[in-house]
Amino acid sequence: QVQLVESGGGLVQAGGSLRLSCAASGGTFSRFGMGWFRQAPGKEREFVGGIRRSGSINYADSVKGRFTISRDNAKNTVYLQMNSLKPEDTAVYYCAARNNDWGIYAYWGQGTQVTVSS
């Protein structure tokens, strides 16, 4: 059973930074494609960015140049470094894993709240 646990959320002022972590257990982490998603109140969940097993990364346009995804396979952890945060980044952030680089994300964490004040 794959489990994902996010941490690092909190309250930050606009322009500030946060780093989210997602620790995985129950599977071979290096074989997972990993993704970050977010859901703001009253909105649908949206893709933030993903990192493939090869290490290649893609981002949503809304976060390009501000957010950075990385992974540490030795620690079974994926990170989301968020800089220059804006109030519109306020959301619950979720990490997700899939068994390849193109399929659905089958495993999800419980989410961590990020609130950006203006």
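Asp-61 is exposed, with a relative accessible area of 64%; here exposed means over 50% relative accessible area, buried under 20%, and partly exposed in between, with a 1.4 Å probe and protein chains only. The side chain of Asp-61 meets that of Lys-64 in a salt bridge, at 3.2 Å from N to O. The term salt bridge denotes a side-chain nitrogen of Lys or Arg within 4 Å of a carboxyl oxygen of Asp or Glu. The model is predicted: local features need pLDDT of at least 70 and side-chain atom pairs count only at pLDDT 80 or more, while totals for chains, interfaces and linings use all residues. Residues are numbered from 1 along each chain as its sequence is written, and side-chain values use heavy atoms, with hydrogens and water left out.

Side chains of opposite charge can pair when their charged atoms come close. The structure holds 5 salt bridges. One of them joins Glu-46 and Arg-38, with 2.5 Å from N to O. Glu-46 counts as partly exposed because its relative accessibility is 34%, whereas Arg-38 is buried at 6%. Another salt bridge pairs the side chains of Arg-53 and Asp-101 at 3.3 Å, N to O. This pair links distant parts of the chain, 48 residues apart: Arg-53 lies in the loop between strand 5 (46-51) and strand 6 (57-59), and Asp-101 in the loop between strand 9 (91-98) and strand 10 (107-108). Arg-53 is partly exposed, at 34% relative accessibility, and Asp-101 is buried, with a relative accessible area of 18%.

The strands named above belong to a chain with 0 helices and 11 strands. Both kinds of element are DSSP runs numbered from the N terminus, helices being H or I of at least four residues and strands E of at least two. For 118 residues, a compact globule would have a radius of gyration near 13 Å, and the protein chain agrees with its 13 Å; the radius is taken over C-alpha atoms, and the globule rule is 2.2 Å times the number of residues to the power 0.38. The C-alpha trace spans about 40 × 25 × 25 Å along its principal axes. Of the 118 residues, 43% are buried. Where contact means heavy atoms within 4.5 Å, 56% of the contacts between residues at least 6 apart in sequence join residues at least 24 apart.

Phe-32 provides a local view of such packing. This residue lies in the loop between strand 3 (18-25) and strand 4 (33-39), and it counts as buried because its relative accessibility is 6%. Beyond its neighbours within four places in sequence, Phe-32 is in contact with several residues, including Val-2, Arg-53, Arg-71, Ala-97 and Tyr-107. Phe-32 and Asn-76 are 44 residues apart in sequence and 10.0 Å apart in space, C-alpha to C-alpha.

Backbone geometry is the remaining topic. Most residues other than glycine have a negative phi. Asn-76, although not a glycine, has a positive phi of about 55°. Asn-76 is found in the loop between strand 7 (67-72) and strand 8 (77-82), and it is partly exposed at 28% relative accessibility. Ser-84 is not a glycine either, and its phi is positive at about 50°. The loop between strand 8 and strand 9 holds Ser-84, which is partly exposed with a relative accessible area of 40%.
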